[in-house]
Amino acid sequence: MKKPLLEVKNLKINFKTYAGLVQAVRGVDFTLYEGETLAIVGESGSGKSVTSNAIMKLIPQPPGIYADGHILFEGKDLIPLSDKEMSKIRGNEIAMIFQDPMTALNPTIRVGKQIMEVILKHKKVSKHEAQERAIELLRQVGIPMPEKRFNQFPHEFSGGMRQRVVIAIALAADPKLLIADEPTTALDVTIQAQILELLKELQKKRKTSIIFITHDLGVVANVADRVAVMYAGQIVEYGTVNDIFYNPKHPYTWGLLGSMPDLNNKSDEKLYAIPGSPPDLTNPPIGDAFAPRNKYALAIDFEKEPPMFKVSDTHYAKTWLLHEYAPKIDVPEPIVRRMERYKKEAELGE
Amino acid sequence: MNSNHKLLEVKNLSQYFGSPSNPIKAVDGISFHIFEGETLGLVGESGSGKSTTGRSIIGLYDITGGEVIFKGKNIHQVKSKKEQKQLKREMQMIFQDPYASLNPRMTAGEIISEGFDIHGMYRNKNERQAKIISLLEAVGLNREHMTRYPHEFSGGQRQRIGIARALSLDPSFIIADEPISALDVSIQAQVVNLLKELQEERNLTYLFIAHDLSMVKYISDRIAVMYRGKIVELGDADEIYHHPIHPYTKSLLSAVPLPDPILERKRKRIPYVHEETPDTAKMHEPLPNHFVYGTDEQVNKWIKQAKL
Amino acid sequence: MTKQHETTNNLTPEMFTVVGPRLEESDKMTKKSVSFWKEVFLRFKQNKLAVSGVIILFIIALFAALVPELSQYSYRDQLGIYNQAPSKDHWFGTDDLGRDVFVRVWYGARISLFIGITAAIIDLIIGVLWGSISGLIGGRVDDIMMRFVDILSAIPYLLVVIILLVVMEQGLLPMIIALSITGWVNMARIVRGEVLSIKNREFVLASRTLGASTSHLIKRHIIPNALGAILVTMTLTIPTAIFTESFLSFLGLGVTQPVASWGTMASEGMGGLRVAPWRLFFPAFFISLTIFAFNAIGDGLRDALDPKLRK
């Protein structure tokens, strides 16, 4: 059995606000292995960004509170580490890229220097060597004429190019884990496609593990090996990318998959829209947080929070519908169609 | 209900910004029309000019050139204040950012009824309240929401308030400028369903501006693809999706990630290399109701490639 | 994954009947409705320093209103006891003309506060008008109006004020005019900035799409949203005016005898510094306290209005 690179166990994060205590992350568990990509999907308020920021210990305390749980990176718990100890890990072992490249880059420092700073901070190399590596990184992320562009400022690059620079900085010290928080959400679709291709290429070469946070299921299908679906601060379904797209078990996952128009949707069909809005996490509901919006809610959903049920060795879902007493629910139409397409392709493949 | 009556005709619309000697040509001579009751989708990436097009049509900018003809009248030649105001009631807009498009100091009820104040309608308090409530209910909210402030609503709810505001003057034509881009996926579906319902109930015509191609295809009857200020392709939604001719359209479609891992693994992205389009370029109609922009040689070449 | 399917004790099949969604719960507005200004007020209340500023000002205003009325001495009575240290008859002592310093301080409070607030109000009116027109119209008009503002701020302020006071002769009205003549410039710049940022926001565009006239936009959208910045600026303009008036009075350009502001009192007090230091101390102390209070309130307001602290 492979040793995991990252293990998050029962992570709970709260925020003290003037409106009350917000339980942003309410018991999250997942594991990440070397060289794989885990996508964390969720909408606003799901807790996905808080979770990723928590791994890097970037949650400001106050108002944030690490209420419970462990973040084991290569077996070592990050939560009790001091800021000084974390600064040796950030950028070096774990790196992060964000949605807006402009805020990640210092507008007053030349791009090449920003990459060099990361290398010099974490690796014992000469300045000259660091510069060589920085130029090489710019080349690897697909920036043409890297020797020339090394000396340019961030504003001289377009949005997509800036994001490439951000990726170069993130990979400069050769981290084992890259956390990408909505890195392509603000980019045009053609640029997004290029960046996703770049990330996959780099991952193959360097065996970096990636946690990819997004709300776009198309992007998930493109990059992920495994997927964690988050709702109201918890992971509600967890499995391989095929598990999630072709055999989803949680009604929220059905809702997400159904709310996107299929290529084959006839336009007079209504989109399967999840009614209502996500819950207020200063007062998380008792029981299953998704119940008030769940067409298939059971009586027990309003009383007791469901545990994670095992669907297969790779696939888990947190819904009472998987309990032996639960009635058999017909999976919604669009999902069925998807599943049939998968079966057909799988047969063709054999 | 699609009729064959052209509600809106745009002829050679241009919108330039900046210095007259070296202008930024945000919109550079585009022409299209929208039939009554239909939805025309306008897609493009940043810098394509799609948002500028919407805002020029509705009159937020003074256009640099061309004509916008609404219900047979050239709207920029309408001089009388009264007629201009009347025009406002017919054409309305839904904006992209649910956080910026509502005045944080006004309640939902005040936001929705602002149009009444401007046009002197529903002066009677009871009538006005009834009308506000009916608009709230039309967008899936209720009377309880009338006295609340924008910051108390979620993004999807704010967007509904924006829609209610657009409906308040009973328009026949609505320009939706990226109305769902800033919303969560599940909320997008709610809003799109709502827009379709309202279109049927009220016989509305939409210009739907967006960059999410799957959603645009779902909601539109016809689609226009914009690139750097020009419409490069225009046709029925299905046709554009399944038989694109212009290389930019092909490139754009090939770049959209599909929520389907098997199809994703098979998908090949087609990069776009922009060929300069000299002045001889114009709109061609190689197939009925399917238009492509380019020179004669370019269009012929692309037709041959598409058939392959 | 460590959590497994738990032993299902206490669970009965009836609990597993489908009951469907409860959307009223989902769409319920749980928090009490609170308007923008109410929220600002609540946030302001939490700022102890700002609240203490309000209390201090309130007390000063109270004393300024009541003391000259209720005191047995008037501010100009010369009582024959010269330069006496604070005592039970004269809490702040007396000055070199035998006047009770306590009642004079509170009389002076009226004058200083009146000057400060009036000057700030005039600055407000001119500044808001100038800034909104410039920001709204934009283009060349904006350029010209702002160049005028730039030129005015480039002129040495003190020079302008001194010339004015010499020309007009000293007094209450001339002092107010002198303070306002260049003070509005700051407010104009701030208002213009706010107007520029507000007029391009989508809710203003939406209003224009509805057919709103310029005056409607100003009334319903621009002013209400600029109000926060205007209020903060005003709260910080008042102490500047009070301080400047004190400074000018100190130079001898202030209101004339026997009318006294804190500044003129401090100026006179300088003369008797070694003999009767209380004559300088008390007015100077209250100038500082008032300025502090206004600044605390202004800062508190600014923080309470900051949208970043929201959500």
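Colleague: What makes up the secondary structure of chain C?

Modeller: Eleven helices and zero strands. A helix here is a DSSP run of H or I with at least four residues, a strand is a run of E with at least two, and both are numbered from the N terminus. Read along the sequence, chain C goes α-α-α-α-α-α-α-α-α-α-α.

Colleague: Why is chain C called more spread out than a compact globule?

Modeller: Set the value against the rule. The radius of gyration is taken over C-alpha atoms, and the globule rule is 2.2 Å times the number of residues to the power 0.38. For 311 residues the rule gives 19 Å; chain C has 28 Å, well over that, so it is more spread out than a compact globule. Its C-alpha trace spans about 100 × 60 × 40 Å along the principal axes.

Colleague: What kind of model is this, and how is it numbered?

Modeller: It is a predicted model: local features need pLDDT of at least 70, side-chain atom pairs count only at pLDDT 80 or more, and totals for chains, interfaces and linings use all residues. Residues are numbered from 1 along each chain as its sequence is written, while chains are lettered from A and ligands numbered from 1 in the order in which they are written.

Colleague: What makes a residue of chain C count as buried, and what percentage does?

Modeller: A buried residue has 20 or more other C-beta atoms within 10 Å of its own; 12 or fewer means exposed, in between means partly exposed, and C-beta atoms are placed from the backbone. By that test, 39% of the 311 residues in chain C are buried.

Colleague: How do you know that chain B touches chain A, and which residues take part?

Modeller: Contact means that the C-beta atoms of two residues, placed from the backbone, lie within 7 Å. By that cut-off, 32 residues from chain B and 33 residues from chain A take part. On the chain B side, α6(B) gives the most, with seven residues. That side divides into 14 nonpolar, twelve polar and six charged residues. Nonpolar means Ala, Val, Leu, Ile, Met, Phe, Trp, Tyr, Cys and Pro; charged means Asp, Glu, Lys and Arg; polar means the others, Gly among them.

Colleague: What does chain B present to chain C?

Modeller: Here 26 residues of chain B are in contact with 21 residues of chain C. Elements giving two or more residues to this side of chain B are α2 (81-90), β6 (91-94) and α3 (108-119). The largest share, four residues, comes from α3(B). This side of chain B holds ten nonpolar, seven polar and nine charged residues.
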